[in-house]
Amino acid sequence: MQHHGYIEDKDAYLRRLRRIEGQARGLQRMVDDEEYCIDILTQISAMTKALESVALGLLDDHLSHCVVDAAAAGGPEADRKIKEASAAIARLVRS
């Protein structure tokens with residue numbers, strides 16, 4: 001079975017995602033409690049940065065493992081992995 005590049009950091013990614021999940025619940029409470037707009041926006045910014053950090057880590061793992069392995073093997077799979085990574089980068093840049 002082939003493992004994805006992030007597998008060695010899986011537990012760390014899961015911890016970070018659980019923290020982000022907690023931040024999302026906190027944002028819901030803040031809106032429900034009608035807290036100050038700027039405080040809510042500050043928390044949204046923190047959550048956005050946390051998600052970006054996870055995304056960049058996963059992208060780095062993908063490039064370091066999946067893309068490098070496919071490039072070493074060559075052929076159509078290498079082209080597919082590079083196009084796939086480029087598309088993922090484009091989505092991150094647009095977001």
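Colleague: Why are glutamate 21 and arginine 25 said to be separated by about one helical turn?

Modeller: Because they are four residues apart in helix H1 (helices are DSSP runs of H or I with at least four residues, strands are runs of E with at least two, and both are numbered from the N terminus). This is a predicted model, where local features need pLDDT of at least 70, side-chain atom pairs count only at pLDDT 80 or more, and totals for chains, interfaces and linings use all residues. Residues are numbered from 1 along each chain as its sequence is written, and side-chain values use heavy atoms, leaving out hydrogens and water.

Colleague: What makes the meeting of glutamate 21 and arginine 25 a salt bridge?

Modeller: The term needs a side-chain nitrogen of Lys or Arg within 4 Å of a carboxyl oxygen of Asp or Glu. Here the N to O distance is 3.6 Å, so the pair qualifies.

Colleague: And why does glutamate 21 count as partly exposed?

Modeller: Its relative accessibility is 46%. Buried means under 20% relative accessible area and exposed over 50%, with partly exposed in between (1.4 Å probe, protein chains only), so 46% falls in the middle class. Arginine 25, at 41%, is partly exposed too.

Colleague: Which residues are linked in a network of salt bridges?

Modeller: Glu77, Arg80, Lys81 and Glu84. Arginine 80 pairs with glutamate 77 at 2.9 Å between the closest N and O atoms, and with glutamate 84 at 3.4 Å. In helix H3, arginine 80 sits three residues from glutamate 77 and four from glutamate 84, about one turn in each case. Arginine 80 is partly exposed at 41%, as are glutamate 77 at 34% and glutamate 84 at 32%. The whole structure has six salt bridges.

Colleague: How do you know where confidence is lowest and highest in the chain?

Modeller: From pLDDT, the predictor's confidence in each residue, from 0 to 100. Confidence is lowest in helix H3 (residues 76-94), at a mean of 93, and highest in H1, at 97. The chain's mean is 92, with 96% of its residues at 70 or more.
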